[in-house]
Amino acid sequence: LYMVATYATYGGGQFVLNLADPEGFELFALGAALFCLALVPVSMTRAVAPSLPPSPRLRLSELRHVAPVAIGGCVASGLASSVFYALVPAFLHKAGYPAADIAMFIATAIAGGFAFQIPIGWLSDRVDRRMLACALAFCLALMAALMTIHERGAGWPAYLNAFLLGGFFYARNALEGAGPLAARCEGTPGAAASGPIPTIPRINT
């Protein structure tokens, strides 16, 4: 449910660009108002956070010896996420796409990422995850290269390219990021690795 809500808001939020001029103040004001509005139900809740039992935690230096390749994957995942969200819209803008088309393109890519979660997860339980991650990385590079040959107004081929680009991008992040790191640390007393795991991909974001 959390991931469905996350992908839905990521994808649907792109179309807010169509409500006003992206270079104006209105969209920033709307974003700030929505953020403040989201704080209202959280601040009004009366639920008490459960107390967690004390557990050991692994430092990043210790985690590096447990799963060095997975940590590298987390770093690469954070870098790729930053590049995707920051530079793909800039690339489309420079290519001459209007704001409405950029919003549709990014939303289509996010929809592709959502659609690929279950089939790629199913495959990852049946084939070697390292080989699958390599195949996804190759397909992602191919989709990124194909994006450079589309001209403005290319229509459905460009959106299909965006759908596949997002699908391979998000699925590759899941295979190379915190998932393998958590799997390598499975069985660690008290989930000792749970503290650093979410931090690593976000350092580069």
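A residue is called buried when its relative accessible area is under 20%, exposed when that area is over 50%, and partly exposed in between. The exercises below apply this and related rules to a predicted model.

**Exercise 1. Classify Phe84, Phe169 and Tyr170 as buried or exposed, and describe how their rings are arranged.**

Solution. 

Step 1. Phe169 has a relative accessible area of 4%, so Phe169 is buried. Phe84, at 5% relative accessibility, also counts as buried. Tyr170 falls into the buried class at 10%.

Step 2. The model contains 9 aromatic pairs. In one of these, the ring centres of Phe84 and Phe169 lie 4.6 Å apart and the planes meet at 15°; the pair is therefore stacked, since planes under 30 degrees apart count as stacked.

**Exercise 2. Determine how helix α1 is oriented relative to helix α5, and identify the residues in contact.**

Solution. 

Step 1. Two packed helices are described by the angle between their axes and the distance between the axes.

Step 2. The axes of α1 (residues 2-13) and α5 (residues 99-124) come within 8 Å of each other and cross at roughly 165°. Because angles over 145 degrees count as roughly antiparallel, α1 is roughly antiparallel to α5.

Step 3. The crossing of α1 past α5 is left-handed.

Step 4. On the α1 side, the contact is formed by Val4, Tyr7, Tyr10 and Gly11; on the α5 side, by Ala107, Ile110, Gly113, Phe114 and Gln117.

**Exercise 3. Carry out the corresponding analysis for α5 and helix α6.**

Solution. 

Step 1. The axes of α5 and α6 (residues 129-147) are 13 Å apart, and the helices pack at an angle of about 160°.

Step 2. The two helices are therefore roughly antiparallel to each other.

Step 3. Their crossing is right-handed.

Step 4. Phe105, Ile120, Leu123 and Ser124 of α5 make the contact with Arg129, Leu132, Leu136 and Met147 of α6.

**Exercise 4. Locate Val16 and describe its surroundings.**

Solution. 

Step 1. Val16 lies in the loop between α1 and α2 (26-44).

Step 2. Its relative accessibility is 28%, so Val16 counts as partly exposed.

Step 3. Leaving aside residues up to four places away in sequence, Val16 touches Leu27 and Leu30. Val16 and Leu27 are 11 residues apart in sequence, and their C-alpha atoms are 7.7 Å apart in space.

Methods:
Residues numbered from 1 in each chain as written. Predicted model: local features only at pLDDT ≥ 70, side-chain atom pairs only at ≥ 80, totals over all residues. Heavy atoms only, no water. Phe/Tyr/Trp six-rings, centres within 6.5 Å; stacked < 30°, edge-to-face > 60°. Buried < 20%, exposed > 50% of the residue type's maximum accessible area, 1.4 Å probe, protein only. Axes fitted to C-alpha atoms, helices over the stretch in contact; angles between N-to-C directions. Helix = DSSP H or I, 4+ residues; strand = E, 2+ residues; numbered from the N terminus. Parallel < 35°, antiparallel > 145°, perpendicular 65-115°, else oblique. Left-handed = near helix turned anticlockwise from the far one by under 90°. Contact = heavy atoms within 4.5 Å.
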